Amino acid sequence: MNPHTIFADIVAGRAPVSTVYEDDDVLAFMDIRPFTPGHLLVIPKVQAASLAELDPAVGGKLFQVGQRLAAALRQSEVACDGVNFFLADGVAAGQEVFHVHLHVIPRTSGDGFGLRGRPTSPRRPDLDYLAGSIKGALSRN
Ligand code: AMP
């Protein structure tokens, strides 16, 4: 896969960006097609197309910065009564830009944003079976 993305250009200073936060590892900026006003993206400066390619320490920083941004959004002029975090990892998950990014989405009631999806009601043995499979995979990593 071509590792070049618009976010690499943003990190390199080659594309326009409205930055709200920056440190050695992480950049946060306004999404150009916001779901709600104030919608932010937090990205690692290092190139990583997917979570599997990202140093977990930097992944942790994405969440830390997202947490600070959520607090800042609530105290800013952005209409914000709640916040959603969203991260699409992989095409099937809706990822369009292949440079890891955490969406930080300010919410107000009736803003129209939401995840489509209907909860199901699996039986406990089915939950236990999949829990075992995931635990097994965890122990191999
Ligand atoms: P995803 O579907 O999770 O990969 O989301 C990609 C996000 O990147 C979308 O919300 C886009 O609006 C946003 N985006 C794409 N290009 C830019 C850009 N140049 N500056 C800011 N946000 C962008």
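**View 1. Residues of the shell around the ligand, by class.** In this predicted model, the shell around the ligand is made of nine nonpolar, four polar and three charged residues. Here Ala, Val, Leu, Ile, Met, Phe, Trp, Tyr, Cys and Pro count as nonpolar, Asp, Glu, Lys and Arg as charged, and the others, Gly among them, as polar. Of the 16 residues around the ligand, D31, G94, E96, H101 and H103 come nearest; a residue is near if one of its heavy atoms lies within 4 Å. Two elements, α1 (6-11) and β2 (26-30), each supply at least two residues of this shell, and α1 gives the most, with three residues.

View 2. H103 places a polar side-chain atom 2.8 Å from an oxygen atom of the ligand. A polar backbone atom of G94 is 3.0 Å from an oxygen atom of the ligand, while a polar backbone atom of I32 is 3.3 Å from a nitrogen atom of the ligand. The ligand taken alone exposes 510 Å², and the protein buries 86% of that; these areas come from the Shrake-Rupley method with a 1.4 Å probe.

**View 3. The largest pocket.** About 730 Å³ of space lies in the largest pocket, a volume being the space filled by probe spheres set on the grid points, which are joined across faces, edges and corners. Of its 28 lining residues, D31, R33, E96, H101 and H103 are the closest to its centre. A pocket is an open set of points on a 1 Å grid over the protein atoms alone, where a 1.4 Å probe fits, with protein on both sides within 12 Å along at least five of seven lines; lining residues have an atom within 4 Å of a point. By class, the lining has 17 nonpolar, seven polar and four charged residues. Its largest share, three residues, comes from α1. The ligand sits in this pocket, as more than half of its atoms lie within 2 Å of the grid points.

**View 4. The protein chain.** Three helices and five strands make up the elements of the chain, in the order α-β-β-β-α-β-β-α from the N terminus on. Helices (H or I, at least four residues) and strands (E, at least two) are DSSP runs, numbered from the N terminus.

**Notes.** Residues are numbered from 1 along each chain as its sequence is written, and side-chain values use heavy atoms, with hydrogens and water left out. In this predicted model, local features need pLDDT of at least 70 and side-chain atom pairs count only at pLDDT 80 or more, while totals for chains, interfaces and linings use all residues.

How values were computed: A polar contact is a pair of N or O atoms within 3.5 Å; within protein, one must be able to donate a hydrogen and the other to accept it, and residues adjacent in sequence count only if both atoms are side-chain atoms.
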